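Reader: I'd like to go through this one with you, piece by piece. Where do we start?

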Amino acid sequence: MGFIDKFEKRIERFVNGAFSKAFKSQIQPVELASAVKAKMDKGAAVVDRDRILAPNSYVIKVSSSDFTRLNQHGSLLSEITKQVSAHAKKQRYQFAEDLAITIEPLASLGLGQVQVSASGSKGESVASVSWKPALDFGGKRYLLAKPRTTVGRDSTADLQVDDTGLSRTHFAIIWDGSNASIEDLGSTNGTRVAGLKVSSQALSPDTGIEAGRTSFVFRVVASNGGRK
């Protein structure tokens with residue numbers, strides 16, 4: 001796990017731990033950060049080969065009741081901003097102006113509902129963002145070019161890993177262009193996802209995978225999808 005990932009996890013633990021008792025059945029602050037990150041990913045666009053531009057201004061709208069409770073915690077917005085900034089750095093996003101996040105009440109929303117609007121990247125000549133799956137391990141990142149990528153210690157695996165604890169072909173990552181899953185290929189020692197042994201299941205970005213003596217992290221990263 002890299003520095004940015006550790007930082008982001010630390011912020012999430014702070015947001016969840018420090019505020020969970022106060023919010024109980026109401027909206028959790030980490031949900032606000034997740035909603036902003038999802039909106040940021042959706043609005044990201046490639047300006048040139050080395051520049052991915054994301055909207056810089058976000059307005060989070062919540063119910064009047066949630067807004068009142070959220071306002072009782074003065075440091076909440078700054079912590080959400082830190083978490084979103086860490087996500088942007090990890091995805092190599094850039095902003096036209098400084099990142100700005102505000103929270104507003106919206107009477108038509110019910111308790112626990114969230115709406116996020118974004119602005120700040122219009123007027124640029126952009127290209128669409130293409131999302132690519134990747135595996136991080138051993139201090140390196142490996143992009144997965146195939147719809148089905150096998151991982152193991154043998155040269156017959158698409159991604160060969162020098163680990164005698166792995167089977168010849170240990171597990172496979174399946175990618176359909178937007179969603180991923182993992183499948184254990186009858187390995188001797190098994191495959192664990194987020195600490196749990198699995199045969200096959202859906203795979204979310206930034207999820208840890210353990211196989212043999214190696215720890216992997218599944219990523220979904222932005223790349224240039226071609227100019228419009």
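Author: With a definition: two strands pair if DSSP finds at least two bridges between them. Also keep in mind that this is a predicted model.

Reader: OK. Which residue in strand 11 is the bridge partner of Arg 148?

Author: Ile 174 is the bridge partner of Arg 148. Strand 9 covers residues 148–152 and strand 11 covers residues 171–175, and the two pair in the antiparallel sense over four bridges.

Reader: And in what sense do strand 9 and strand 10 pair?

Author: Strand 9 and strand 10 (residues 159–160) pair in the parallel sense, over two bridges. In that pairing Val 151 stands opposite Leu 159 of strand 10.

Reader: How many residues of strand 9 are buried?

Author: Four of its five residues are buried, so strand 9 is mostly covered, taking buried as under 20% relative accessible area.

Reader: How many bridges join strand 3 and strand 5?

Author: Six bridges, with strand 3 (residues 57–62) and strand 5 running in the parallel sense. Ile 60 stands opposite Ile 103 in strand 5.

Reader: Where is Asp 98 found?

Author: Asp 98 sits in the loop between strand 4 (93–94) and strand 5 (100–105).

Reader: Buried or exposed?

Author: Exposed, because the relative accessibility of Asp 98 is 68% and the cut-off for exposed is over 50%. Asp 98 and Ser 57 are 41 residues apart in sequence, and their C-alpha atoms are 8.1 Å apart in space.

Reader: Next, helix 4. How many residues does it have?

Author: Helix 4 has 15 residues, 76–90, and reaches 22 Å from its first C-alpha to its last, close to the 21 Å expected. Its buried residues include Leu 76, Ile 80, Val 84 and His 87. Just after helix 4, Arg 92 takes a positive phi of about 65°.

Reader: Changing topic: how many aromatic pairs does a search of the whole structure find?

Author: Three. One of them is Phe 137 with Tyr 142, which is stacked at 4.7 Å centre to centre with 20° between the planes. The pair counts as stacked because the planes are under 30 degrees apart.

Reader: What about the accessibility of Phe 137?

Author: Phe 137 is at 11% relative accessibility, so it counts as buried, whereas Tyr 142 is partly exposed at 28%. Phe 137 and Tyr 142 form one aromatic cluster with Phe 171 and Phe 216.

Reader: Last bit, the chain as a whole. How many helices and strands?

Author: Four helices and 17 strands. The chain has 228 residues, of which buried residues make up 43%. Among contacts between residues at least 6 apart in sequence, 63% join residues at least 24 apart.

Terms used. Residues numbered from 1 in each chain as written. Predicted model: local features only at pLDDT ≥ 70, side-chain atom pairs only at ≥ 80, totals over all residues. Heavy atoms only, no water. Phe/Tyr/Trp six-rings, centres within 6.5 Å; stacked < 30°, edge-to-face > 60°. Buried < 20%, exposed > 50% of the residue type's maximum accessible area, 1.4 Å probe, protein only. Expected span 1.5 Å × (residues − 1). Contact = heavy atoms within 4.5 Å.
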